[in-house]
Number of protein chains: 2
Amino acid sequence: MDRRSAEKDDEASAKERPTLKTLAFMTGLGVTTVSRALKDAPEIGAETRRRVQLVAKQIGYRPNRAGVRLRTGKTNVISLVLNTEREIMSFVSDIIYGVSEVIADTPYHLIVTPYSRSQDPLDPIRYLVETGSADGVIISRTQPNDPRARYMLERGIPFATHGRTDMGLVHPYHDFDNYAFASEAVRHLAGLGRRRLALVTPPVGLTYYDHTVNGFADALSEVGASEVPFNTVSIDHTIEQIRTRTAQLMRRDNRPDGIVSCAAAATLAVVAGIEDAGLKLGRDVDVVSKQSSELLHLFRRELLVVNENFRLAGSELARAVLGWIGGKEPGSLQSLSTPGEVLPYRG
Amino acid sequence: MDRRSAEKDDEASAKERPTLKTLAFMTGLGVTTVSRALKDAPEIGAETRRRVQLVAKQIGYRPNRAGVRLRTGKTNVISLVLNTEREIMSFVSDIIYGVSEVIADTPYHLIVTPYSRSQDPLDPIRYLVETGSADGVIISRTQPNDPRARYMLERGIPFATHGRTDMGLVHPYHDFDNYAFASEAVRHLAGLGRRRLALVTPPVGLTYYDHTVNGFADALSEVGASEVPFNTVSIDHTIEQIRTRTAQLMRRDNRPDGIVSCAAAATLAVVAGIEDAGLKLGRDVDVVSKQSSELLHLFRRELLVVNENFRLAGSELARAVLGWIGGKEPGSLQSLSTPGEVLPYRG
DNA sequence: TCAATATACTGAAACGTTACAGATTGCCAA
DNA sequence: TTGGCAATCTGTAACGTTTCAGTATATTGA
């Protein structure tokens with residue numbers, strides 16, 4: 001009846017992982033037919049298609065990734081590129097979970113590609129592209145003129161950036177509106193009667209540094225407050241550095257009476273510095289801080305916070321890369337997250 | 001002279017990624033020879049070996065992972081399996097960096113395999129093993145009788161657990177000595193004159209819950225202090241739950257005058273609860289807490305802390321898995337990290 | 001009736017690698 | 001001289017998949 005004979009690899013098929021060959025043997029079809037039936041190719045009969053898919057489901061067939069990858073070049077991998085020293089801690093875990101959520105019901109795997117302070121940030125990108133290790137890449141710590149984005153754009157590899165660029169090139173991104181955050185923070189402090197404000201900036205060189213500084217400056221002149229320069233620190237500095245320099249700042253004559261901080265960990269240090277200088281939060285100075293986990297209010301109830309959702313960022317970034325891989329227009333895969341209002345302590 | 005002719009794929013070799021075939025063509029050798037020369041096989045002449053390796057380095061040859069994987073089954077992948085809801089935040093980022101450090105100069109990639117609360121923790125493991133997606137696996141949230149460890153042991157796939165098991169089976173692990181932590185914490189509190197102690201436990205069911213509880217209990221009887229039961233919370237509970245229940249606890253007549261907490265985030269909530277009840281840290285009650293980043297002292301200077309290094313854990317776990325993959329004895333790949341002393345606030 | 005065409009299927013080749021089973025050479029002992 | 005053997009090297013097949021170029025059968029148009 002069946003002209004095909006049991007082949008040596010399929011005899012012991014009880015234990016081995018099923019392949020297209022196994023399916024072909026079981027259905028009495030050719031591997032080509034099976035392959036096409038599984039991906040709903042048009043030239044396969046409706047009944048055959050159903051039959052193959054049924055058998056495949058029954059025996060738990062899963063395509064061999066190495067086979068697909070070797071043949072097609074498709075890796076089914078998304079790479080998240082992270083700086084091992086400077087990334088915000090909660091950012092790492094939240095963004096990973098955000099990405100995971102989105103790729104959970106796709107064939108994609110998430111690989112984490114780290115690079116260290118000493119390396120050129122372009123190194124890991126070059127590696128990924130040259131070795132064809134991923135179908136899509138997510139990068140953070142985005143710069144206005146970002147060589148990584150330019151490089152990937154040139155090679156045509158889909159990617160998404162956490163944060164925007166400013167190169168006149170269009171690519172997917174997700175960003176938090178830090179201009180809005182900084183300006184709202186200033187307005188809120190002004191509403192509390194604060195007039196001399198300082199800013200604990202994002203890392204110099206990153207795009208959102210510019211956004212933040214601009215939002216801060218614009219709102220300052222809008223409300224008629226003045227800036228107390230505090231350029232000696234950014235949220236990339238160590239806790240100790242931020243703490244001691246904040247204390248120095250707060251001991252000066254023209255110390256600020258309001259501070260805007262761009263990261264929760266930095267805010268802890270800022271508050272410690274304020275108190276080192278013998279001042280009291282909420283009385284001598286108010287602080288507005290971004291946070292990604294809802295912990296700052298436990299720290300000092302006087303703190304004013306704005307929440308940034310990194311998990312959402314992860315999801316959006318994953319959606320963006322997958323969209324690009326899927327053929328959507330890069331320009332349609334950009335999203336901006338609007339900060340909620342400045343939240344005082346509740347209950 | 002050379003009997004091999006330029007083949008169609010190698011003519012435009014300027015742009016394409018070099019393969020063994022490219023190297024074979026350039027050196028005038030067969031692909032087999034090239035393959036073996038690159039991996040220092042004994043039957044290759046010393047000069048040939050050097051020549052091949054030189055050319056390979058020059059043109060930046062990198063073995064195609066899909067090719068290797070398809071042929072040998074070796075994935076060069078380590079998978080880190082994480083619970084997307086319950087993992088400690090800093091744990092995720094630190095352990096990833098720890099693992100990264102170790103695998104940086106190996107051919108291994110790190111893939112993150114998440115699973116959610118609703119899933120059977122065995123699901124992701126089954127997936128990894130059935131699809132042969134990784135050469136080694138790292139799991140956390142280890143239980144005394146852990147089905148995942150048993151499963152992988154049965155299938156013979158190398159893995160390492162963060163935390164020990166208690167099944168009479170031997171496998172690589174890295175663990176923090178939570179017995180020592182809890183007992184040291186109790187002794188320290190007793191040294192401060194605290195007599196009625198409560199414990200904010202690890203998640204029930206995990207091995208280190210047992211270790212912690214035992215260390216706590218043993219030290220209690222050693223120093224002659226008593227336990228104030230606080231079984232309504234663990235560090236897996238939400239911040240809000242811990243906070244309100246701590247407040248309830250602290251309003252009772254026989255409230256504790258010392259608390260041991262196993263995670264920094266929980267400690268924030270505990271302190272908030274203490275203060276909700278109108279009590280003062282350091283006066284009415286002392287708290288010893290584990291922490292993985294050095295931030296708790298900024299929170300309240302009265303807090304007593306013990307540091308746990310998750311980055312180290314990541315490195316150790318990676319070393320353990322790689323060791324097992326490399327043929328070392330699983331029993332020789334176990335490590336225990338001893339807690340440092342309880343640290344009071346320093347300037 | 002015959003050719004043209006659509007439908008449903010198929011084998012062979014290729015992706016890059018490694019393992020197997022030789023093949024060629026030179027050297028030495030007999 | 002010859003047989004044996006070590007030292008080097010080589011071609012082929014296979015891993016599991018998709019694509020290319022078909023083949024066989026039924027259906028249609030004239």
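Copies are superposed by least squares on the C-alpha atoms of residues with pLDDT of at least 70 in both. I note at the outset that this is a predicted model.

**Entry 1: the two chains**

I looked up how chain A relates to chain B. A rotation of 180° with 0.0 Å of shift along its axis brings chain A onto chain B, with an RMSD of 0.1 Å. This is the relation of a two-fold axis. I then searched chain A for the C-alpha nearest that axis and found I111(A), at 2.1 Å from it.

Through which surface do the copies meet? Of the interface residues of chain A, 98% are also interface residues in chain B, so the copies meet through the same surface.

**Entry 2: domains of chain A**

I consulted the domain assignment of chain A. It lists domain 1 as 20-63, domain 2 as 73-175 + 311-337, and domain 3 as 178-307.

**Entry 3: helices α11 and α12 of chain A**

I recorded that two packed helices are described by the angle between their axes and the distance between the axes. I applied this to helix α11 (residues 239-251) and helix α12 (residues 264-276) of chain A, whose axes come within 7 Å and cross at roughly 40°. The two helices, α11(A) and α12(A), are therefore oblique to each other. The crossing in which α11(A) passes α12(A) is right-handed.

I listed the residues in contact. From α11(A) come I239(A), I242(A), R243(A), T246(A), A247(A), M250(A) and R251(A). They meet A265(A), A266(A), A269(A), V270(A), A272(A), G273(A), I274(A) and D276(A) in α12(A). Sorted by class, the contact of α11(A) with α12(A) has 10 nonpolar, 2 polar and 3 charged residues.

**Entry 4: helices α6 and α14 of chain A**

At what angle do the axes of helix α6 (residues 89-103) and helix α14 (residues 310-325) of chain A cross? I found a crossing at roughly 45°, with the axes coming within 7 Å. That makes α6(A) oblique to α14(A).

On the α6(A) side, the residues in contact include F91(A), I95(A), Y97(A), V99(A) and V102(A). Among those they meet in α14(A) are F310(A), L317(A), A318(A) and L322(A). By class, I noted 10 nonpolar, 4 polar and 4 charged residues for the contact of α6(A) with α14(A).

**Entry 5: helices α2 and α3 of chain B**

I turned to chain B, where helix α2 (residues 20-27) and helix α3 (residues 31-38) pack at an angle of about 105°, their axes 8 Å apart. That makes α2(B) roughly perpendicular to α3(B). L20(B), K21(B), L23(B), A24(B) and T27(B) of α2(B) make the contact with V31(B), V34(B), S35(B) and L38(B) of α3(B). I counted the residues of the contact of α2(B) with α3(B) as 6 nonpolar, 2 polar and 1 charged.

Methods
Residues are numbered from 1 along each chain as its sequence is written. Chains are lettered from A and ligands numbered from 1 in the order in which they are written. This is a predicted model: local features need pLDDT of at least 70, side-chain atom pairs count only at pLDDT 80 or more; totals for chains, interfaces and linings use all residues. Side-chain values use heavy atoms; hydrogens and water are left out. Contact means heavy atoms within 4.5 Å. Axes are lines fitted to C-alpha atoms, for helices over the stretch in contact, and angles run from 0 to 180 degrees between N-to-C directions. Helices (H or I, at least four residues) and strands (E, at least two) are DSSP runs, numbered from the N terminus. Angles under 35 degrees count as roughly parallel, over 145 as roughly antiparallel, 65 to 115 as roughly perpendicular and the rest as oblique. A crossing is left-handed if the near helix is turned anticlockwise from the far one by less than a right angle, and right-handed if clockwise. Ala, Val, Leu, Ile, Met, Phe, Trp, Tyr, Cys and Pro count as nonpolar, Asp, Glu, Lys and Arg as charged, and the others, Gly among them, as polar. Domain bounds come from an automatic or database domain assignment.
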